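Here are my notes on this one, jotted down while looking it over. Have the model open as you read.

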Amino acid sequence: MKNAGTILLYNCSGDKFSRLKQIFAMLHLRMRVVEPDRYHVALEELALGKGEAGEAAEPLPEAMLVFCGLGQALLNQVLEVIRVANLPPIPLKAVLTETNRSWDTRQLYEELLKEREAIAAQKAEKA
């Protein structure tokens, strides 16, 4: 069967993420583990399996997923399966877009942190 899309995986190693990887394989999703020595490479290049390793950066302090080339229906299915499977929480998730495709890992991570802080501030205002 044809590959349905690619997921970039950050800090998703070890036994606690083995079920996550099984789910992605079952859905015919390509998985690319991104190591700190490739954090400088643009997200689009990482999704294509390109980009030379460089000097190792400081590893991200938490797990992160980037969904690349998944249609909306498949993305919704993947997110629902992750939710139902009672997997360890992965609060940082992103979709590869025209806006972020040239960003490197650090840029995306910083934007996701800003987004998380903004959401928390909105929730605090409502409470």
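1. Taking contacts (heavy atoms within 4.5 Å) between residues at least 6 apart in sequence, 69% join residues at least 24 apart.

2. A word on the source. This is a predicted model, where local features need pLDDT of at least 70, side-chain atom pairs count only at pLDDT 80 or more, and totals for chains, interfaces and linings use all residues. Numbering starts from 1 along each chain as its sequence is written, and side-chain values use heavy atoms, with hydrogens and water left out.

3. Fold layout. You'll find four helices and four strands, in the order β-α-β-α-β-α-β-α along the sequence. Helices (H or I, at least four residues) and strands (E, at least two) are DSSP runs, numbered from the N terminus. The radius of gyration (over C-alpha atoms) is 15 Å, close to the 14 Å from the globule rule for 127 residues, so the protein is as compact as a globular protein of that length. That rule is 2.2 Å times the number of residues to the power 0.38.

4. Burial. Of the 127 residues, 35% are buried, meaning under 20% relative accessible area with a 1.4 Å probe, protein chains only.

5. Cysteines. There are zero disulfides (pairs of cysteine sulfur atoms within 2.5 Å) in the structure. C12 is in none, and the nearest cysteine sulfur, that of C68, is 13 Å away. C12 is buried at 4% relative accessible area, and C68 is buried at 5%.

Note on methods:
Buried means under 20% relative accessible area, exposed over 50%, partly exposed in between (1.4 Å probe, protein chains only).
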